[in-house]
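The following note comments on the structure shown below.

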Amino acid sequence: HQHRVAIGLSSGEVLEEFDMLHQAEGFDPFFARIATYEQQYACSAAVAMEGFNGYARPLDTMIRARDYRLYNINNLKLARFKEIFPGAAKSDALDARKGLELFQLRDHLPLAKDVLQEVAVTPQENDILKRLTRRRRSLVQRERARPQPPPERPASGVSGFARDHQRCGQSVVSSLLN
């Protein structure tokens, strides 16, 4: 329903922390704040978030559309990182600040680099194929869920093939011999 956001500089200075609704009313102020800091500090933005390709939709797509660098925070590797550098109990606010720390340390500490995985831009064809594949899967599932009529039973002692040919006015034997 919401994201915890921490905005900071590569020097480690935390500029702002806030909660953002995961809906249009939250996205616009989020991007406006980032744009303000980009202008103020003459730098480009990079965003790290948990849940890429899951709970983050459509925010992750909106971030990529603005040409910001997007990083996925690997939850398992973040937990290991926090074991090595212990801190307070888990909370979204602490995880957001840890994300900023990871940006600082990624060039100096291999473990930090592993936690942040840059999300590559995918070709438009891949996105189209993904949508088509999901649409096909949806249609197949819908078709399978539809009640099917019971199979037609052949008349006593007459196979379906023979019955079909009898309807056409031909006998089975003449059809097979022709």
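1. At 67% relative accessibility, D67 counts as exposed, since the cut-off for that class is over 50%. In this predicted model, D67 is found in the loop that runs between α2 (59–65) and β4 (69–73). Its backbone deserves a check: phi of D67 is near 60°, a positive value in a residue other than glycine.

2. A42 belongs to the loop between α1 (24–41) and β3 (46–49). Is A42 buried or exposed? With a relative accessible area of 71%, A42 is exposed, because that value lies over the 50% limit.

3. As to the overall layout, the protein comprises eight helices and five strands. Read from the N terminus, the order of its elements is β-β-α-β-α-β-α-α-α-β-α-α-α. The protein has 178 residues, of which buried residues make up 26%. Among contacts between residues at least 6 apart in sequence, 48% join residues at least 24 apart.

4. The structure holds three aromatic pairs. In one of them, the ring centres of F30 and F31 are 5.0 Å apart and the planes stand at 65°, so this pair is edge-to-face; the class requires an angle over 60 degrees. Ring pairs also bring in Y68, linking F30, F31 and Y68 into a cluster. F30 is buried, its relative accessible area being 5%. F31 likewise counts as buried, at 5% relative accessibility; the limit for this class is under 20%.

5. Which ring lies under the charged end of R66? The charged end of R66 sits over the ring of F31, 3.6 Å from its centre.

6. The packing of two helices can be described in some detail. The axes of α3 (residues 75–84) and α4 (residues 92–105) come within 12 Å and cross at roughly 85°. The two helices are therefore roughly perpendicular to each other, as the angle falls in the range of 65 to 115 degrees. On the α3 side, the contact is made by L78, F81 and K82; on the α4 side, it is made by D95, K98, L102 and L105. Classified by type, the contact between α3 and α4 has four nonpolar and three charged residues, with no polar ones.

7. V115 relates to both of these helices. This residue lies in helix α5 (residues 110–115) and is buried, with a relative accessible area of 0%. Which residues does V115 contact, leaving aside its neighbours within four places in sequence? They are N72, I73, N74, K77, L78, F81 and L102. Of these, L78 and F81 of α3 and L102 of α4 also take part in the contact between those two helices. V115 and L102 are 13 residues apart in sequence, with a C-alpha to C-alpha separation of 7.6 Å in space.

Technical notes. Residues are numbered from 1 along each chain as its sequence is written. This is a predicted model: local features need pLDDT of at least 70, side-chain atom pairs count only at pLDDT 80 or more; totals for chains, interfaces and linings use all residues. Side-chain values use heavy atoms; hydrogens and water are left out. Rings of Phe, Tyr and Trp (its six-membered ring) pair if their centres lie within 6.5 Å; planes under 30 degrees apart count as stacked, over 60 as edge-to-face and the rest as tilted. Buried means under 20% relative accessible area, exposed over 50%, partly exposed in between (1.4 Å probe, protein chains only). A charge sits over a ring if NZ of Lys or CZ of Arg is within 6 Å of the ring centre and within 35 degrees of the ring normal. Axes are lines fitted to C-alpha atoms, for helices over the stretch in contact, and angles run from 0 to 180 degrees between N-to-C directions. Helices (H or I, at least four residues) and strands (E, at least two) are DSSP runs, numbered from the N terminus. Angles under 35 degrees count as roughly parallel, over 145 as roughly antiparallel, 65 to 115 as roughly perpendicular and the rest as oblique. Contact means heavy atoms within 4.5 Å. Ala, Val, Leu, Ile, Met, Phe, Trp, Tyr, Cys and Pro count as nonpolar, Asp, Glu, Lys and Arg as charged, and the others, Gly among them, as polar.
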